[in-house]
4 protein chains.
Amino acid sequence: MIIQTKSDISEAQKDKLIGEINRVGYKITEVKTQKGTYLVGIGTADFDIRRFGHFEGIEDIHIVSDDYKLVSKKWKVDPTAIDLGDGVFIKDGDMAIMAGPCSIESEEQIRVVIDHLKATGIKIMRGGVFKPRSSPYAFRGLGIDGLKLWYELAREAGIKIVTEVMQVSQIEEMYDYVDIYQVGARNTQNFNLLDELGRVDKAVMIKRGISGTIEELLQSAEYVFSGGNEKLVLCERGIRTYERASRNTLDLNAVPILKSKSHLPVVVDPSHGIGIREFVPQMALSAVMSGADGIIYETHQVPEKAYSDGQQTLNFAQSALLADQIRQTFALRKTFPLL
Amino acid sequence: MIIQTKSDISEAQKDKLIGEINRVGYKITEVKTQKGTYLVGIGTADFDIRRFGHFEGIEDIHIVSDDYKLVSKKWKVDPTAIDLGDGVFIKDGDMAIMAGPCSIESEEQIRVVIDHLKATGIKIMRGGVFKPRSSPYAFRGLGIDGLKLWYELAREAGIKIVTEVMQVSQIEEMYDYVDIYQVGARNTQNFNLLDELGRVDKAVMIKRGISGTIEELLQSAEYVFSGGNEKLVLCERGIRTYERASRNTLDLNAVPILKSKSHLPVVVDPSHGIGIREFVPQMALSAVMSGADGIIYETHQVPEKAYSDGQQTLNFAQSALLADQIRQTFALRKTFPLL
Amino acid sequence: MIIQTKSDISEAQKDKLIGEINRVGYKITEVKTQKGTYLVGIGTADFDIRRFGHFEGIEDIHIVSDDYKLVSKKWKVDPTAIDLGDGVFIKDGDMAIMAGPCSIESEEQIRVVIDHLKATGIKIMRGGVFKPRSSPYAFRGLGIDGLKLWYELAREAGIKIVTEVMQVSQIEEMYDYVDIYQVGARNTQNFNLLDELGRVDKAVMIKRGISGTIEELLQSAEYVFSGGNEKLVLCERGIRTYERASRNTLDLNAVPILKSKSHLPVVVDPSHGIGIREFVPQMALSAVMSGADGIIYETHQVPEKAYSDGQQTLNFAQSALLADQIRQTFALRKTFPLL
Amino acid sequence: MIIQTKSDISEAQKDKLIGEINRVGYKITEVKTQKGTYLVGIGTADFDIRRFGHFEGIEDIHIVSDDYKLVSKKWKVDPTAIDLGDGVFIKDGDMAIMAGPCSIESEEQIRVVIDHLKATGIKIMRGGVFKPRSSPYAFRGLGIDGLKLWYELAREAGIKIVTEVMQVSQIEEMYDYVDIYQVGARNTQNFNLLDELGRVDKAVMIKRGISGTIEELLQSAEYVFSGGNEKLVLCERGIRTYERASRNTLDLNAVPILKSKSHLPVVVDPSHGIGIREFVPQMALSAVMSGADGIIYETHQVPEKAYSDGQQTLNFAQSALLADQIRQTFALRKTFPLL
């Protein structure tokens, strides 16, 4: 159950309401976000929702049978739009393109990528400065200094930044330099990190876990939302299966399913989804047709020399061609009625 | 190693050649298809291919390092086109649409489906008369009499038939009434069935196994090809993973990978691939963008009343809309250069 | 619903009974086995079972909510014992050891394996004469002649034979030479094969599918049972997962689960379950502790020279040691009360 | 490559050595643990190891081809023993039993569990005070105050504590109250957490990831070890597969494989591994036979009333019986020679 309260609800009204909800056997979590206040009721008893109709201070009340509540489409039918400022959005009915290298490597690299993005009309740049690596001996990224440098150059160029946050202590130090915090596939169920990201007012993009279910991805989003942050983007990036001909198995089924279950925008990462450069474009275009609201892919001036993930990274010519094909495919998709 | 022999090679020439191949440590399987004769050599030794250059009766010779040989693109670069007659093809550069019910149920049903296909310009009808069912107590199909009836009505209408063959003994009884034998996902590694399908001169569509790898699908095709039948179509239909929000996990990564490894056409079954009617169209269109040469989906006049798979079956209005969108998406794809 | 009828039920009594069952909305399949006659009712309606109490000719009546019926423990609580003759059993409360090579290779090989089994007190020999192979170019076994030779030598030595049947046409030709027909992991859902094995009166051991569920294994057993053959053994042999450090993932969880759901005996194949010779003994002993009624493993005089599966095959010294440890472990297990 | 240096190596000697290693193309990470100093060299070039023979200050030098180095058995053949004090060990050749509730709930609960453990001779108590939960609305544990209370009671009773640490900031606050930090299955690749656990001098037990590979588990252990902490225990707890008849698929294959690849002790968690109370004992005993050095399972005075995981938790009678059976099974295993 989700109860949206009026902005002018009094404490007395709220206490009376919560008391009554407790009486029907529901436990209440009060959630305050930048957009409003919600009372999320968890319980299993059946009751007549009209019982609450006469209470003062209620804006709206919804029964939500899903295990996740605030990210469910069952109470919020309108899609959530993520406004990154300067006219840049990630939202239903739009096609956000995000591109950039796996790792931020140098000032020179940042500059050429930004030039490529500007030439191609791409507004959001991806890149890693804190890199989760299976081996402790591998390159772990340029860190916060790399991010500051990147931010400076990106702001000049009017480019937004999406980059991975790996631990709670990084949230604050990164805050001034990111537009979207990315939660990586190994941290999808790092609940402390999700809790803390609920306290910031910047967008958060949550990648599906290495072998995470669709349900778990929505539960992870619920953590951030119930922590107070509604600016959420979901990202399908391939799952682990028995098949080894590709790096991961890109699960495009997840796109229409997530879009039907949640009001949050859904983007797809075809680079990790297949892991083979040559086939990234086909998967990107497939993702567009599956109903994605955005595509995030890897590009680098010389993929063969990239510090990481070179085998799945497009060069700039391929990237420019793909961005154009994504836009054409999306334009066609918009003309298609759904029955 | 694959050696294509000239049509006029003498037995003596062939014996001499095979003797020499054996000498370098390779075992030879002689494969005769309707199109030609091949000597497939299996072994691991390194040798200089020029050693065989002076032998008479050789058309061409190829080293194929894959475990599958005759279905590999390493020796046959040109895509294989499946000609079903009357101008109906399944081939690279084309978009074959195959639609119909899960199960053939009655004459009335066959008639209305055929009328729908004709109205929509679809040339190939799918449907099951022998149904593999998990439970022995479930409906197992109308059998050979259903197929005969179906064939009669389809031929009148100029419609081709693709339907599942479940066992060796059915191959011959079905022969006069099918255009494409379908090998189902539970029979992908039924090697006896594959062997026997190598002996017929009709097209065979092999579905990927319930949890089959891409490599295994190609090996299964190799069985049929090495048995003598080159008319092969590969079909991605979703794989079994831990995710249960969809019936299967449609693995569109498999499409460009199969197309790059093999010269055979690749079609996609979005109905089984996601298993949820509402989302079949998105997955079908995604499949087109992934590079598929055809789409096979389920449609029925009243899906809710279908004997099986109703939950993933489109009604005729949805089917007509989808067929049109498939064609538009394919038309766009054809304008896209690949870098 | 399963109704066991009395042996002297008249046709009129049976018709009356079936009519009444149909009236409550259940469809009846009549199953005759060597042991009795059952009416299996499939339906979803609720009804009062006492309604049938007064019908004549009924031995017993059970509600079985599982999708499988006749193999369920819900109607037959007593475990089923498979009697292979000469005092050899596969049954609950006993420990059947089955060992032998992956492939039957030669008379010499058969003789030395049999000598080893006799010396070790093992009564059942495994071995393949029809081999399912991923590649059409691999060794496919000695075939029926190999089986006849094997049978002759085994009978002399008082050893029972378990070997794989791959297709319907082999059932009859193998009949005189096998004690247990094995259905391989690629044929677990070869429903025609299962149907036909329901018509023979010899034991059938069904291996779990490559990625088959526990439920599907029971459904496959239901096929054979409802075809008329109650002599069934279930076999866990490892499933396909993302892990590649072992050939398969041996799922010992399946053993107590299968034993709790079904009255059929359960055996475990640690050789395929882990696929690494060095660790087969540990997995065999684990299987004993999981509650298995038997162990089937691969042994060969010189595993390194075996035609197939050598990497997971024990030599005779290892086999003798393992057989002894299996027996000791089973002896300990029998002393353990379950709470 | 791992170079163990002598305790009295001079800085000059070390610099000279590192310079030479760099010259053959290897990058050096210096690792100092409580036990010694190691230079871990990462590179791919071939070189003659004798080249380093004459350098001063070297204790020993090993080539380790695995991706993990310090946890590999290739350089440290002797098994690592974890000494928890007061004669309590987790080590090869021994059988550590760890038991307790899923969640620490109250003083009363702690007391009765401790009484049970003492009566049963179990020396290590498990329990969660920080609980990772899929849903933000679920019970998240008593936190640090619960841990302090638990510690006080456990110390009095001479019982050691193993409990989950979820984030970096908890390491220090928990330090005085734990004997073993547990890294949960959702944090196996939380690299920051692993890094920081490398800096403490208490034992760390790493659970295999929800769908983690054996290789990844070893890499995660490498993080902690290379951070400076050698006191590591690996834990198999079941993996995610397509099978849903059990909560997870307990992968006992992992036990002998881990033991052969690493010198670290390996324990098994049958409670999460199968998730069904009734079958936990069979899986625990199977784990003993697979070669595990310890078993960790859940027990509670009234499992039906446990705050979490009640369905897989044993009552005290079952726990006492199981502990006894574990010991008997282990005693038998110790008598078994391995061939």
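Author: Between them, chain A and chain B bury about 3600 Å², and 68% of this lies on carbon and sulfur atoms. Buried area here is the accessible area, found with a 1.4 Å probe, that two parts lose on being put together, summed over both. The model is a predicted one, in which local features need pLDDT of at least 70 and side-chain atom pairs count only at pLDDT 80 or more, while totals for chains, interfaces and linings use all residues. Residues are numbered from 1 along each chain as its sequence is written, chains are lettered from A and ligands numbered from 1 in the order in which they are written, and side-chain values use heavy atoms, with hydrogens and water left out.

Chain A brings 43 residues to the contact and chain B likewise 43 residues, where contact means heavy atoms within 4.5 Å. Two salt bridges are counted between chain A and chain B; the term denotes a side-chain nitrogen of Lys or Arg within 4 Å of a carboxyl oxygen of Asp or Glu. In general, side chains of opposite charge can pair when their charged atoms come close. Here Arg208(B) meets Glu243(A) in a salt bridge, with 2.7 Å from N to O. The interface of chain A and chain B also has 19 residue pairs in polar contact, both residues being at pLDDT 80 or more. A polar contact is a pair of N or O atoms within 3.5 Å; within protein, one must be able to donate a hydrogen and the other to accept it, and residues adjacent in sequence count only if both atoms are side-chain atoms.

Which helices of chain A each supply at least two residues of the side that touches chain B? They are α7 (254-261), α8 (270-274), α9 (280-290) and α10 (316-334). Helix α10(A) gives the most to this side, with seven residues. By kind, the residues of the side of chain A that touches chain B are 22 nonpolar, 17 polar and four charged. Ala, Val, Leu, Ile, Met, Phe, Trp, Tyr, Cys and Pro count as nonpolar, Asp, Glu, Lys and Arg as charged, and the others, Gly among them, as polar. Helices (H or I, at least four residues) and strands (E, at least two) are DSSP runs, numbered from the N terminus.

The contact of chain C with chain A may be set beside this. Five residues of chain C and five residues of chain A take part in it. About 410 Å² is buried between chain C and chain A, 59% of it on carbon and sulfur atoms. Of the area that chain C buries against chain A, 95% is supplied by Arg240(C), Tyr242(C) and Arg244(C), more than any other three residues. On the side of chain C that touches chain A, one residue is nonpolar, one is polar and three are charged.

Salt bridges also occur inside a chain. Over all chains, the count comes to 79 salt bridges. In chain C, the side chains of Asp251(C) and Arg208(C) form one at 2.9 Å, N to O. This pair links distant parts of the chain, 43 residues apart: Asp251(C) is in the loop between β12 (232-236) and α7 (254-261), and Arg208(C) is in the loop between β11 (203-207) and α6 (214-227). Both Asp251(C) and Arg208(C) are buried; buried means under 20% relative accessible area, exposed over 50%, and partly exposed in between (1.4 Å probe, protein chains only).

In chain D, Glu298(D) and Arg126(D) form a salt bridge whose closest N and O atoms are 3.4 Å apart. Glu298(D) belongs to strand β14 (residues 294-298) and Arg126(D) to strand β8 (residues 124-126), so that distant parts of chain D, 172 residues apart, are linked. Glu298(D) is buried at a relative accessible area of 0%, and Arg126(D) is buried at 5%. Back where chain A meets chain B, salt bridges that share partners join Arg208(A), Glu236(A), Asp251(A) and Glu243(B) into one network.
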